[in-house]
Amino acid sequence: MTDAPATPPRAPGTAVAPRLIATDLDGTLLHDDKTVSDRTIAALAAAERAGIEVFFVTGRPARWMGVVSDHVHGHGLAICANGAAVVDLHRGGRIVEVSPLERTVALSVVDALRSAAPGTSFAVERTGGIHYEPQYPPLLLDPAAVVAPAEKLLAEDFVSTLCPHPTGHDAPQGPGGRTGDAPAGSASSGSASSGDAPSGDPRSGDANRPTDPTGPAFPDQPVIKLLAHHPELDPDAFLTLARTAAGDLASFTRSSPTALLEISGAGVSKAGTLARCCAQRGISPQEVVAFGDMPNDIEMLTWAGTSYAMANAHPDVLAATTGRTASNNDDGVAAVIERILRGGGPRDGR
C-alpha cells in the first residue's frame, strides 16, 4: 500500500497526464562519472510509485546496463543499442527481443563508407559481444573480442568459428592487447559530458561490467550494430557523409563526441522500439515524457508528446525538444520528475 495518487499528475505544459518516462543514460540520466545520483534514484522510484513507468532507452549494449539495473522497477525492461535490443534487467540483462542489422547489408555499408571516407575502421556489435578491426581505436578490456577485418567479422560462418579458447591472430586479446569497447581517452578528455555511450564507447571501466554471465538469449549472435570510426573527420560531417553514401541501406546516428557512427538496421531507432513497447501497454505518444542529449535521441524526443533536452545537449537536440532542463550533472531528469509529481511548475526543468 502506498499513498501515491491513482492517476499521475500532468507534466508541466501538457494536456495529458504522463504514463511513461523514457530517458537516455549517458549525458542525460547519469552524471559524467557514470553514477546515478541519490536524487535521481529517489525520483525514479517516486515516479514508479505514482504509476508512471520508467524506460531506460540507450545506445549501450545489454552488458553495460549494470549501472542502472538496480533502478528499474515493475516491468524490468530497457531498450538498448539504439532500439535494436530489448533487455530484461530483472533477468540479469538478458536480451529478449532483437531487431538485427543483416550481415549482407552491413557488408554493403562497410564498402560504401570505405569508399566515401577512406581511413574508416569498423567494429561489429553482436548480441554476444563486440569485435573490431585492428585499426579501430584502442579499447577497454573485453576478453571475448575478436580482432579481424570487418569482412571476416561479418562472414557467414563467423559465429560458428568462435570458441572458448581460440588461438592465432584473431583470438581474443588478453591484458595489454587491443580489447574492449571504448576509444582510448573516451572516459576522460571531456567525452562524458555529451553523448549516450554507444556500443564502442562506454566511457568508464564499470560501464562494460557484464550483467548476464550466462550469456544472451540469442546464441546465434545476430549483428545489432555496426560501429564506424574516422580519426580525422568532424563528427557531424561524418554522419552527414555516411547518410549520403549509404543512408538507403541502414539507419545512421551518433552519440559520441568523436567521429564514431552507430549503424542499425533500416528503420531501427530508439523511437521505433519505444513506440512498440508503448503500444503494447496502450500508452500513446502524448502520455510519454522523454529526455535526451545527443543526435541518437532526436527521433525519440520528437515522437514523445513532451520532451526535454539537457542543458549540455547537442544543438540539434535543443532545437528538437519541447522543453529544457538542467544538465546531467545537475540532475535535470530528476528535477522534471519531481515537478511532474508535484503537479505543476514551469516548463523548463531547473
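The structure is a predicted model, in which local features need pLDDT of at least 70 and side-chain atom pairs count only at pLDDT 80 or more, while totals for chains, interfaces and linings use all residues. Residues are numbered from 1 along each chain as its sequence is written, and side-chain values use heavy atoms, with hydrogens and water left out.

The chain contains ten helices and 13 strands; these are DSSP runs numbered from the N terminus, with helices (H or I) of at least four residues and strands (E) of at least two. Of its 350 residues, 57% are buried, where buried means under 20% relative accessible area, exposed over 50%, and partly exposed in between (1.4 Å probe, protein chains only). The accessible surface of the chain is about 13,300 Å², and carbon and sulfur atoms supply 53% of it; such areas come from the Shrake-Rupley method with a 1.4 Å probe, and for residues only the protein chains shown count as cover.

Salt bridges come next. The whole structure holds 13 of them, each being a side-chain nitrogen of Lys or Arg within 4 Å of a carboxyl oxygen of Asp or Glu. In one, arginine 39 pairs with glutamate 338, with the closest N and O atoms 2.8 Å apart. Arginine 39 belongs to helix H2 (residues 38-49) and glutamate 338 to helix H10 (residues 332-342), so this pair ties together parts 299 residues apart in sequence. Arginine 39 is partly exposed at 34% relative accessibility, and glutamate 338 is partly exposed at 25%.

Another salt bridge joins arginine 19 and glutamate 287 (3.5 Å, N to O). Arginine 19 sits in the segment before strand S1 (20-23), and glutamate 287 in the loop between helix H7 (270-280) and strand S11 (288-292), 268 residues away. Here arginine 19 is partly exposed at 30% relative accessibility, whereas glutamate 287 is buried at 14%.

Lysine 270 and aspartate 297 also meet in a salt bridge (2.5 Å, N to O), and both residues are buried. Together with Asp24, they are linked in a network of salt bridges.

Finally, serine 121 lies in strand S6 (residues 121-126). With a relative accessibility of 2%, serine 121 is buried. Beyond its neighbours within four places in sequence, serine 121 contacts Glu133, Gln135, Tyr136, Pro137, Leu227, Ala228 and His229.

Conventions
Contact = heavy atoms within 4.5 Å.
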